[in-house]
Amino acid sequence: QPGIGGEVTPHQDSTFLHTHPMDIIGLWIPLEDATEENSCLWFVPGSHKNGITKRMIRNPNGPSPPTIMTGSDTQYDDDKYVAVPAKKGSLVLIHGEVVHKSFANRSDRFRHVYTFHVIETLNTTYSKDNWLQPTEELPFPPLY
């Protein structure tokens, strides 16, 4: 939202949705132009080659807290990030292992987006300790 949109700290999507082999792709579709002024995405080129160093998993010791973090983030200097402005209606594909972030939107313009993630299910194992799990009542919907 204009002036109040929050920061999204550097992360890798596979931290939260882990598969073997790594197979997650994020789809990020801006509903308004995403610029540096209203907080477009920023990426560390090549960071997808360095692997996942942090995971958010279901707490194996009980229900409270329901999730825990294991490992630690690789830190990158600010000058390693590259802005990726995107026009309204375009598509940004996000490799599950690439480090990305966005700054707080302090502009007077909206920056709404539609985002979701897809995984290949053929010959891929979705981790049983991921925080998000399909159930019989709410399975992950297939796209084809």
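Aspartate 33 and lysine 87 form a salt bridge, with the closest N and O atoms 3.8 Å apart. The pair ties together parts 54 residues apart in sequence, because aspartate 33 lies in the loop between β3 (24–30) and β4 (41–43) and lysine 87 in the loop between β7 (82–84) and β8 (92–95). A salt bridge here is a side-chain nitrogen of Lys or Arg within 4 Å of a carboxyl oxygen of Asp or Glu. Strands (E, at least two residues) and helices (H or I, at least four) are DSSP runs, numbered from the N terminus.

Aspartate 33 is partly exposed, at 29% relative accessible area. Lysine 87 is exposed, at 58%. Buried means under 20% relative accessible area, exposed over 50%, and partly exposed in between (1.4 Å probe, protein chains only).

## Basis of the model

The model is predicted: local features need pLDDT of at least 70, side-chain atom pairs count only at pLDDT 80 or more, and totals for chains, interfaces and linings use all residues. Residues are numbered from 1 along each chain as its sequence is written, and side-chain values use heavy atoms, with hydrogens and water left out.

## Other salt bridges

The whole structure holds four salt bridges. One of them joins arginine 55 to aspartate 129, with the closest N and O atoms 2.7 Å apart. This pair links distant parts of the chain, 74 residues apart: arginine 55 is in strand β5 (residues 54–58), aspartate 129 in the segment after β11 (125–126). Arginine 55 is buried, at 15% relative accessible area. Aspartate 129 is partly exposed, at 28%.

Lysine 101 and aspartate 78 also meet in a salt bridge (3.7 Å, N to O). Lysine 101 lies in strand β9 (residues 100–102) and aspartate 78 in the loop between β6 (67–71) and β7, so the pair ties together parts 23 residues apart in sequence. Lysine 101 is buried, at 6% relative accessible area. Aspartate 78 is exposed, at 63%.

## Backbone exceptions

Most residues other than glycine have a negative phi, and most peptide bonds are trans. The bond from histidine 20 to proline 21 is cis, with omega near -5°. Proline 21 sits in the loop between β2 (19–20) and β3. Serine 64 and proline 65 are joined by a cis peptide bond, omega about -10°. Proline 65 is in the loop between β5 and β6.

Serine 39 is not a glycine, yet its phi is positive, about 85°. It lies in the loop between β3 and β4 and is buried, at 3% relative accessibility. Asparagine 123 has a positive phi near 60°. Its place is the loop between β10 (113–119) and β11. Asparagine 123 is exposed, at 69% relative accessibility.
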